[in-house]
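Biologist: I would like to learn how to read a few features of a model. Could you take me through them one at a time?

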Amino acid sequence: MGCGASKSQAQIVEVASPVSPATEKAAAAATQNNADKATHEAQIRCVQEPEILPNPAKPRYEHEHATTTAALAYMEARPTSENEGGSEDAPAETPVKKMCILGGGAFGTALSLVMAKKVSEVAVFDKPPAGAEAQAKACNEDSENKAFLPGCRFPEPAPESGATRSPVWWHHDPAAAMEGAEVVLFAIPAPFLRGFCEKNKASIPKGVPLVVCTRGLEAATMKMPSEVMAEVLGAEYMKEVVVMSGPTASRELAEGQGTSVVVAGHDSGLVQRVQGQLSCRAANFRTHASDDPVGCEVAGAVKHVLA
């Protein structure tokens, strides 16, 4: 059963000429009211479909999958703007050749799989207890991060690209991972963020967006990740910093289930630029803009406690 509004619900108001401003305003309001009503009805139908209603006999994850299915159906049915993201507050997707993700836990790995659907090279760096070199070697040989996100395979290279390896590639050297990156995402756990920035400041590129995906607070100082980076990196880097947060589940993100995040910063131009760079319709990954990075980081930290 489709979730879109029928043509009869999108009434066209015709007014005989001449048309007064008041009449035009009333006609526009009537058209908008009809569209809003149709959208609301579509939402209701999506969640009332018998095949996607929660079934007590099914495990919880299947209920959650049903909810995601309903959300995706509605996202596809709702009126969209001309941009790729299908959201009026998101610009068209921006092509990116290389992206770097610092932090290869479950979340960092999931982000790499999402970005690989639109970026020709996603460089990942991580330094787990086993060591960065051993981790990079294992992930590249297995085409999978068996330590943190088992079962989610790295994509094969596109035939037309001429590449011989997956677009997701792990590095044991953070400088090599960041070299030439057009966007750098920090998915490093909060306890290790300061130490990483202090040790690798010289390798962090200037003039490219630095996206703070780290959640939580630094235990010793109770400072947010962006505040830690500001202390270590200074103002020259911070003008390129934005915050990304949202209700993401790593495995669902990696599997391409519907996920929305917020990109927040004080520079609206930079925020829109990052939105375009991160939005990926092919992975059902949507970004929304905010001018409240502090609220975004606090909400992310609280979400971790509650989750």
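**Reading the model, feature by feature**

Modeller: Happy to! The buried residues of helix H10 (residues 268-278) are Leu270, Val271, Val274, Gln275, Gly276, Gln277 and Leu278. Keep in mind that this is a predicted model.

Biologist: What does the side chain of Asp267 reach at the start of H10?

Modeller: One of its side-chain oxygens comes to within 3.0 Å of the backbone nitrogen of Gly269.

Biologist: Now the rings. How many aromatic pairs are there?

Modeller: The count is 1 aromatic pair. Phe125 and Phe196 form it, with 6.0 Å centre to centre and 40° between the planes, and the pair is tilted. Phe125 belongs to strand E2 (residues 119-125) and Phe196 to helix H6 (residues 190-200), so the pair ties together parts that are 71 residues apart in sequence.

Biologist: Are Phe125 and Phe196 buried or exposed?

Modeller: Both Phe125 and Phe196 are buried.

Biologist: Which ring does the charged end of Arg215 sit over?

Modeller: That of Phe107, with the charged end 5.0 Å from the ring centre.

Biologist: And how should I read a pocket?

Modeller: Rolling a probe the size of a water molecule over the atoms shows where empty space is left. Here, the largest pocket has a volume of about 650 Å³. Its lining has 30 residues, with Gly103, Asp126, Ile188, Pro189 and Phe192 nearest the centre.

Biologist: Which element gives the most to that lining?

Modeller: H6, with 6 residues. By class, the lining of the largest pocket has 15 nonpolar, 10 polar and 5 charged residues.

Definitions and conventions. Residues are numbered from 1 along each chain as its sequence is written. This is a predicted model: local features need pLDDT of at least 70, side-chain atom pairs count only at pLDDT 80 or more; totals for chains, interfaces and linings use all residues. Side-chain values use heavy atoms; hydrogens and water are left out. Rings of Phe, Tyr and Trp (its six-membered ring) pair if their centres lie within 6.5 Å; planes under 30 degrees apart count as stacked, over 60 as edge-to-face and the rest as tilted. Helices (H or I, at least four residues) and strands (E, at least two) are DSSP runs, numbered from the N terminus. Buried means under 20% relative accessible area, exposed over 50%, partly exposed in between (1.4 Å probe, protein chains only). A charge sits over a ring if NZ of Lys or CZ of Arg is within 6 Å of the ring centre and within 35 degrees of the ring normal. A polar contact is a pair of N or O atoms within 3.5 Å; within protein, one must be able to donate a hydrogen and the other to accept it, and residues adjacent in sequence count only if both atoms are side-chain atoms. On a 1 Å grid over the protein atoms alone, a cavity is a set of points where a 1.4 Å probe fits but cannot get out, and a pocket is an open set with protein on both sides within 12 Å along at least five of seven lines; lining residues have an atom within 4 Å of a point. Grid points are joined across faces, edges and corners, and a volume is the space filled by probe spheres set on the points. Ala, Val, Leu, Ile, Met, Phe, Trp, Tyr, Cys and Pro count as nonpolar, Asp, Glu, Lys and Arg as charged, and the others, Gly among them, as polar.
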